[in-house]
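Please look over this protein and its ligand. The report below covers the charged pairs and then the ligand site.

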Amino acid sequence: MSRYRSLSVSFFLFAIVTVHGTSAARADEVTALASKEASVEQRVDQIIKKLTLDEKLGQFTQMWGGVKQDINPEQAALQRNDLEGQVRSGMIGSFLGIQSAARANELQRIAVEESHAGIPLILANDVIHGFRTIFPIPLAEAASFDPDAVRLSARISAIEAGAVGTHWTFAPMVDIARDPRWGRVAEGSGEDPYLGSVMAKARVEGFQGTDLTAKDTILACAKHFVAYGGAEGGRDYNAVDISLATLHNVYLPPFHAAVDAGVGSLMSGFNSLNGIPCTANQMILHDVLRDRWSFDGFVVSDWSSATEMVTHGFAKDDADAARQALLAGIDMDMSSFSFRTHLGKALEIGLISMDDIDRNLARVLRAKLRLGLFDQPYVDPEVEARVILCKEHRAAARDVARRSIVLLRNENSTLPIANTAKRIAVIGPLVSAKKDALGTWSVFGKPEDVVSVEEAMRARAGESIDVKFARGCGVLEDDRSGFDEAKKLAAESDYVVLVLGESEDLSGEAHSRSMLGLPGIQLDLAKEIIGLDKPTAVVLMAGRPLSVPWLAENADAMLMAWHLGVETGNAITDVLFGAYNPGGKMPITTPRNVGQVPIYYAHENTGRPPTDERYTSKYIDVPWTPLYPFGYGKSYTTFSFADLNVNGTEFATDATIEASVALTNTGKVAGDEVVQVYTRDMVATLTRPVRELKRFKRVHLQPGETKTVDFKIAVSELGFFDNNGQYRVEPGTFKLWIGADSEATLGAEFEVVPVAAKAMTKVAD
Ligand code: NOJ
C-alpha cells in the first residue's frame with residue numbers, strides 16, 4: 001500500500017510556504033520547537049510552555065467544518081470566513097467534516113501560518129466502513145469472521161480518507177450489542193466480546209498501519225466508551241445499568257483490545273453508565289483507561305455529550321459540565337464549545353488548575369506530533385484522484401462483501417442458481433437499491449457508485465438468461481398495487497429471487513426499531529410470490545438481523561446480505577450464481593420475534609434452564625431457541641468435524657491448552673468453514689455463561705480435503721472479572737467445544753488446577 005504514499009508532499013509543502021510566506025515569528029518558533037530531533041514528550045512540554053490560556057482551550061475545541069446544505073452562497077461565504085477567523089485566532093484545534101484536500105490544506109495553512117501559535121489542526125471524519133469506496137457495514141464485515149478482510153477494508157478507508165487530508169477517523173465502533181432493536185448495532189461487530197476484540201484490533205491496525213506519519217494512515221478512535229450498546233430497550237442514547245462484572249467481561253474487552261493494538265484515541269459514549277454519564281465517568285476514563293490500561297492517547301467527547309450532562313441531570317450548567325468532563329479525562333470537546341467558553345473562568349476561581357489543563361492538552365498535542373502534523377501538515381491534492389474508488393479498492397470491496405454474506409437456508413440446493421434456470425424474476429423493493437445498499441454512516445459514499453442487484457444481474461444474465469425485474473412494493477409503503485405485476489413476472493419465470501429488507505435509514509444513529517421483522521408489507525409480498533411454488537431464493541438486505549420465522553420455514557433459500565456497499569450487486573450475484581461460495585456466519589443471534597430480546601448465546605444457565613418442563617426459564621408462546629444462533633451460516637458444500645483433540649485433561653493456571661480438530665469438506669465444491677472454539681467454566685464464584693467464544697479460524701477447503709485446524713488458548717484467558725473488577729482464573733472443570741457455530745456438539749472436558757497443585761502432580765507422576 002505504500003505505493004500510494006505521496007512522494008511530492010515535500011515539494012508541495014515548499015510551494016505553499018513560498019506562496020504564502022511565513023507570518024508570525026512566533027509560529028516559526030513553535031514549529032521549530034516541534035522539530036524532528038526532539039522527543040515527542042520534550043516537544044509537547046516545549047509547546048505547552050509557549051501557549052496562552054486561550055490557545056490551550058482552543059486546542060480542546062473541535063467543531064464541524066462542513067458547509068451547511070440549506071444556505072445560500074453568501075451565507076456559505078460568511079460561514080467559511082467565520083471558521084477561518086476562528087482558526088486564525090487559535091480558537092479551534094480540530095474540525096470534523098472537511099471533505100476535500102483543497103479545503104483541508106487551506107484551513108491547515110491558516111492554522112500553521114496565520115495563527116499566533118501555529119499549531120496544526122487535526123481533521124476528523126466519520127470513516128466508518130469505507131471513505132468513497134464503501135465496504136459492507138461493520139456488522140456485515142464481522143460476519144466474515146475474517147480479520148484480514150476487515151483489516152484491509154480499514155486500510156483502504158485510511159488510504160482514501162488520508163488522501164483528502166483526514167487525519168483521524170471516528171472508528172472503529174466497538175460497542176457490543178445484544179439488542180438488535182438498537183439502530184447502531186449495524187456499526188459494530190455484534191454481540192460477542194471476543195469476536196468484537198479481534199475485529200477491533202484488525203480495524204485499528206488497518207486504519208493506523210505501521211507509520212502514523214504516513215499520509216495513507218489515519219488515527220483510529222475506539223468508540224463509544226463504554227457500554228453504549230447496552231441501552232435499555234435498544235433505544236438509542238438510553239441509560240445503561242449493568243453490573244461491574246458485565247461491564248468488564250462483556251463491554252470493555254473490545255476497547256482493551258483496541259488500546260493494546262495502539263489505538264490513538266477513544267470517544268466517550270452519550271450514555272450514562274450506572275448513573276454516571278460516560279463523559280464524566282472517572283471510573284472508566286481514569287481508573288480503567290489510564291490506570292489499568294496505561295492508555296496514553298486522547299479522549300474526545302461525543303457530539304455535545306459534555307453539555308448534555310446538564311440534560312442528564314448530572315451537571316448543573318455548561319460550565320459545571322466542562323469542568324467535570326475535563327477532570328474525568330475528556331481531552332477534546334466535540335462541538336459543545338463548553339471547554340473554551342467556561343474553563344478559563346473555572347481556572348480563575350480555582351475549580352481546576354493549570355496542571356489539569358496541561359495534562360489533557362498534552363494528550364492532544366502528542367497525537368498531533370505522532371501524526372507528524374508539525375512536520376508535514378499538508379496533503380498532496382493529486383493523490384485524491386488517483387486512489388479514490390480506484391479499481392483495486394473496488395475489487396477489495398467486492399471480495400469483502402462476498403465474504404460477509406451468510407447463507408441462512410438452502411433447501412434442495414436451491415442456491416446457487418442452476419444453469420437450467422433461463423427465465424429469472426428478480427422482485428422486491430431493494431432490487432435496484434443504491435443509496436440503501438451503502439448502509440448507515442456512509443458519509444462520503446455516493447449512490448451512483450453502487451452496483452445494484454439489478455445492474456449486476458443484467459450484466460451476468462447477458463444473452464443466455466431472460467431476467468426481469470419488479471419492485472412489488474416499497475420498503476415501508478403499504479401500497480399493494482405492484483403485487484400483481486410481480487406475481488405475473490414470477491409466474492412466468494422458472495426461478496425467483498426476492499430482494500427484501502431494510503432501507504439504510506432503518507438502522508444507524510437515532511434509528512432504533514421496536515419491531516424486528518420485515519418492514520411494511522414485504523412479508524405479504526413474499527408470501528404471495530413464494531405461494532407460486534417456484535424455486536425462490538430470498539436475499540435479505542438489512543442493518544441488523546431480521547426476525548423472519550415464516551421465511552425461515554418457507555423460502556427455499558435465504559441469504560443475509562446486510563448493506564454491502566458499492567459492490568453490493570456484484571457480490572450478491574457472485575453468490576447467487578455460485579461464482580463465490582458463501583462462508584459468513586452470524587455475528588449476532590437472530591431472534592424469532594422481538595419479545596425474545598435480549599437473546600444471545602453467552603447467556604447464563606439459570607437455576608432452571610429451559611426444557612419441556614413447566615417451571616423452567618422460557619416463554620409460553622415462542623420456543624426458547626433463536627431463529628439462527630450466533631456463529632451460524634451454511635455453505636454450498638458440507639463439512640464434517642472429527643478427532644477433537646485436547647493435549648491433556650489437567651492444566652495449570654499458567655499453562656496453554658492446545659486443541660485441534662480434523663475438518664473435512666464432504667461436499668462437491670470448494671468452500672470456507674469458520675471453525676469456532678467455545679468453552680465453559682462449569683463452576684465458579686460467579687455464574688458463568690453457558691458458552692464463550694475463545695478462538696475461530698476461517699478455513700478454505702477443496703472438496704474431499706481434510707485439514708487439521710489447531711488452536712492455542714492460554715488458561716489465563718479462561719478467567720473472568722468479578723464485581724470488584726478483579727480478574728480471576730478459578731480452578732475447576734471446564735468444557736470445550738469445536739464446531740461450526742455456537743451450538744457445536746463435539747466437545748471435551750478438562751480440569752484447571754492451581755500452578756502449585758499441577759507441579760505436585762508432576763512430582764507424584
Ligand atoms: C455522533 C455519533 O455518536 C458518533 O459516533 C460520531 O462519530 C459523531 N456524532 C461525529 O459525527
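## Charged pairs and the ligand site

Lys345 has a relative accessibility of 49%, so it counts as partly exposed. This is a predicted model. The partner of Lys345 is Glu348, and the two form a salt bridge with their closest N and O atoms 3.9 Å apart. Glu348 is exposed, with a relative accessible area of 63%. Both residues sit in helix H15 (residues 338-348). They are three residues apart there, which means that about one helical turn separates them.

Salt bridges can also share partners. One network joins Asp146, Arg398, Asp399, Arg402, Arg403, Arg460, Asp574, Asp672 and Arg698 in this way. How many salt bridges does the count come to? The count is 48.

Why can such pairs form? Side chains of opposite charge can pair when their charged atoms come close.

| Salt bridge | N to O distance |
|---|---|
| Glu348 and Lys345 | 3.9 Å |
| Glu205 and Arg151 | 2.8 Å |
| Arg184 and Glu187 | 2.6 Å |

Take Glu205 and Arg151, which form a salt bridge with closest N and O atoms 2.8 Å apart. This pair links distant parts of the chain, 54 residues apart. Glu205 belongs to helix H9 (residues 193-208), while Arg151 belongs to helix H8 (residues 147-163). Glu205 is partly exposed, at 25% relative accessibility. Arg151 is partly exposed too, with a relative accessible area of 26%.

Next come Arg184 and Glu187, whose side chains meet in a salt bridge. Are these two buried or exposed? Arg184 counts as buried, at 1% relative accessibility. Glu187 is also buried, at 1%.

Arg184 leads on to the ligand. Arg184 is one of the residues that surround the ligand.

Which distances separate the ligand from polar side-chain atoms? An N or O atom in the side chain of Lys223 is 2.8 Å from a ligand oxygen atom. For Asp126, a polar side-chain atom lies 2.5 Å from an oxygen atom of the ligand. A polar side-chain atom of Asp302 also lies 2.5 Å from a ligand oxygen atom. Taken alone, the ligand exposes 290 Å², and the protein buries 94% of that.

How values were computed
Residues numbered from 1 in each chain as written. Predicted model: local features only at pLDDT ≥ 70, side-chain atom pairs only at ≥ 80, totals over all residues. Heavy atoms only, no water. Near = heavy atom within 4 Å. Polar contact = N/O pair within 3.5 Å; in protein donor to acceptor, adjacent residues only side chain to side chain. Areas by Shrake-Rupley, 256 points an atom, 1.4 Å probe, with all protein chains shown as cover. Salt bridge = Lys/Arg side-chain N within 4 Å of Asp/Glu carboxyl O. Helix = DSSP H or I, 4+ residues; strand = E, 2+ residues; numbered from the N terminus. Buried < 20%, exposed > 50% of the residue type's maximum accessible area, 1.4 Å probe, protein only.
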